[in-house]
Every structure is written in C-alpha cells, then in structure tokens.
Amino acid sequence: MTKPLVARTENLNNLHLSQGVRDSLPIILGIIPFGITCGLMGITTGLTQAETILMSVLVFAGASQFVSMTMLGAGITEWSIIVFTTLLVNLRHIIMGASLAPYMMKLPLPLQAVLSFGLVDESYALTANRIYKDGYSAYYQLGASAALYLSWILSTVIGVMMGGYLARCLEWGLDFAMIATFLVLLIPRLVDRISIVVCALSGIIAVVGALYLPGKWYIIVACLLASVVGSIMERRNKGEN
Amino acid sequence: MRTEIILIIIGMAVVTFLTRFGCLLVFRQTGMPAFLTGWLRHVPTAILTALILPSLLLPKGYLDLSLQNHYLLAGILASLVAYKSRNILATVGVGIMVMFSLHWAGQWELLPF
C-alpha cells in the first residue's frame with residue numbers, strides 16, 4: 001500500500017519542479033541580456049573567459065558581480081574591499097532568506113543549503129508568489145532556482161564568447177521583461193489598505209534612496225521601513241477589533 | 001586563471017552564500033519568533049516595489065518623469081495588463097513590445113517627444 005503513495009508524492013514533486021521551471025521562463029528572458037552583459041563586462045574589465053564564467057558559477061549574484069568587475073576594471077584588486085562590497089550588495093538576501101525561513105526550516109539541511117545558494121531576487125519573487133497563491137513547495141523553489149541558475153551561467157558563457165555588439169540588447173530594453181514579471185507578482189498582492197500603504201511607502205523610500213544612497217542600500221532601507229510599518233499597522237488593527 | 005582573482009571569487013561566493021543561508025542557520029534551533037513572521041508577511045510587497053519602482057522612474061540613474069522615459073511608459077501599460085490579466089506572459093509580451101516599438105520609433109524620429 002505504501003508504494004503507490006510514494007509514487008504519488010514523487011509525481012507531485014516532479015509537477016512542482018516543472019511548475020517552477022515553467023514560471024521562471026519569462027524571467028529568464030530578462031536574465032539572458034544581463035548574463036550576456038556580465039560575460040562581456042568580465043572580459044572587457046580584464047578577467048579571463050574562465051574567470052568570468054567561474055564567477056557566475058560560484059557567486060550567482062548579478063548586481064555584485066557587476067560591481068566587483070567594475071572595481072577590478074578600475075584597478076581595485078584588494079580582496080577585502082571587493083568581498084566586503086559584495087556582502088553589502090547582497091545584504092538584501094538576508095531579508096529574503098528570513099522571509100522564507102519558516103517554510104525552509106523543516107527541510108533537510110543539504111536541501112536548505114542548495115535552496116539558499118539559489119536564492120536570488122527572481123527566485124525569491126517566484127517562490128513568495130507561489131506561497132501566496134498555492135502554498136510553499138521546496139520543489140517549486142528548486143525548479144525555479146535551477147532554471148535561473150543554468151540560464152545565468154549559459155548567458156554568461158554566450159556573453160564571454162560574443163563580441164561587444166550584443167550589449168545593445170540591454171539598450172533596447174529587453175531587461176524590461178524582469179520588471180514586467182515583478183509587476184505581475186506585485187499587483188495581485190495589493191488587495192487591502194495595509195499592502196497599498198506598504199507598497200507606496202516602499203516605493204517612495206526606494207526612489208529617494210536610489211537617488212541619494214550608495215549602491216543597493218535603497219532596497220534594504222525601503223524594504224525594512226515599509227514592512228515594519230505594515231506589521232505595526234496590522235498589529236494596531238487587530239488591537240482595535 | 002590567476003590565484004588572486006580565484007581568491008576574490010571564492011570570497012565573494014562565501015559571503016553571498018552566507019547572506020542567503022544565514023537566517024536559516026540562526027533560526028534553525030529556536031524557530032521563528034511570532035513578531036518576525038508578522039513582519040515578514042509584508043516583506044515581499046515592500047521588496048518587489050523597491051526593485052520595480054526605481055527601475056521605472058530612474059532607469060538612467062536620475063529621476064525621469066518625461067515621455068522620453070520608455071521604462072515608465074511601458075511600466076504603466078504593463079501594470080494595466082498585469083492588473084487586468086494577472087498573466088505573466090501577457091504582461092511581459094506587452095511590456096517588451098512597447099519597449100521595442102518606442103525604441104524603433106525613437107530611432108526613426110517618429111515620436112513628437
């Protein structure tokens with residue numbers, strides 16, 4: 001009697017896995033130009049082809065890879081400065097990791113480690129949206145992360161091999177695919193007053209922060225302040241009822 | 001491959017992994033406190049907004065509320081499609097098409113602005 005049950009769970013896991021892959025396809029459209037740019041940038045800032053690809057394989061963090069390549073290109077080769085900058089650029093992932101922690105804590109440790117490695121803005125957005133709609137699935141997250149990871153590496157390889165003329169794709173706005181995907185994930189969440197306030201507040205802080213704060217700090221500041229205000233409003237609402 | 005570059009890449013990989021794995025390690029034993037769960041419910045909305053809005057309003061690093069800002073125009077249309085359809089492919093398709101047509105029209109100086 002146990003065998004069919006096991007088979008059924010396996011089928012379900014495979015289903016979630018392929019759902020994750022499928023949902024990440026539009027986002028991959030947006031990642032490809034970034035990966036190609038990353039590959040191009042690597043070789044133009046003096047990294048070898050192998051070094052550029054290795055960075056995409058091991059680090060898998062677009063923004064911080066761009067920043068570190070720019071620094072290397074400018075002649076800053078000090079280990080501590082580049083690594084610390086990477087840490088700052090990636091601090092926002094602590095918030096994302098914390099937000100998924102209640103679901104991921106129940107998983108076996110190696111799976112937690114693998115999923116954490118693949119936790120980027122895009123896989124987080126997809127996973128959070130899936131939780132919101134159908135509940136958490138580790139296999140969904142795995143499918144989405146794997147698809148994003150492989151396309152990141154492949155597009156870096158393409159960028160490394162191609163000449164400079166492909167950089168124009170970004171100017172043409174293919175990177176808009178990613179923004180559009182985030183819009184589909186965000187807009188259905190704006191169903192009550194508190195989420196609209198959180199969204200408005202985060203937007204204002206992010207725009208002002210992007211103008212006046214260095215690097216990617218605006219994401220962390222906007223996210224922290226707006227979400228804290230949201231939770232305070234929610235607690236106050238509950239107190240009144 | 002040069003050793004100092006490999007070391008930089010490994011350092012970057014380690015800190016990146018730690019930021020993504022850190023929270024799980026910290027809360028593994030204790031579980032998540034209730035106030036944190038309440039707060040984190042609003043994190044996705046806040047973080048998505050913080051990722052989207054600056055890309056739409058300041059694609060070149062400065063605030064651009066003009067009609068020349070293709071991201072803003074495409075963003076407004078894509079938001080409408082997202083609101084009506086809630087469909088990823090429709091939204092991405094319309095957004096990219098708007099971006100490409102605006103770029104194409106701009107190149108041929110077909111736009112009055």
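**Exercise 1.** Which residues of α10(A) are buried?

*Solution.* Start with the terms. Buried means under 20% relative accessible area, exposed over 50%, and partly exposed in between, with a 1.4 Å probe and protein chains only. Helices (H or I, at least four residues) are DSSP runs numbered from the N terminus. Next, list the residues: F176(A), A177(A), M178(A), I179(A), A180(A), T181(A), F182(A), L183(A), V184(A), L185(A) and L186(A) are buried. Finally, because 11 of the 11 residues of α10(A) are buried, this helix is largely enclosed by the rest of the structure.

The model is predicted: local features need pLDDT of at least 70 and side-chain atom pairs pLDDT 80 or more, while totals for chains, interfaces and linings use all residues. Residues are numbered from 1 along each chain as its sequence is written, chains are lettered from A in the order in which they are written, and side-chain values use heavy atoms, without hydrogens and water.

**Exercise 2.** Describe the largest nonpolar core and the part α10(A) has in it.

*Solution.* A nonpolar core is a set of buried Ala, Val, Leu, Ile, Met, Phe, Trp, Tyr and Cys residues joined through side-chain atoms within 4.5 Å. The largest has 69 residues, and Y124(A), F176(A), F182(A), M32(B), L40(B), V43(B) and I52(B) have the most contacts inside it. The largest share of this core, 10 residues, comes from α10(A). Now take I52(B): leaving out residues up to four places away in sequence, I52(B) touches I179(A), F182(A), L183(A) and L186(A), where contact means heavy atoms within 4.5 Å.

**Exercise 3.** How many residues line the second largest pocket, and which are closest to its centre?

*Solution.* On a 1 Å grid over the protein atoms alone, a pocket is an open set of points where a 1.4 Å probe fits, with protein on both sides within 12 Å along at least five of seven lines; lining residues have an atom within 4 Å of a point. The second largest pocket has a volume of about 400 Å³, the volume being the space filled by probe spheres set on the points. Its lining has 18 residues, and D23(A), N129(A), K133(A), Y140(A) and I88(B) are closest to the centre. At least two lining residues each come from α1 (2-44), α7 (121-134) and α10 (176-186) of chain A and from α5 (88-107) of chain B.
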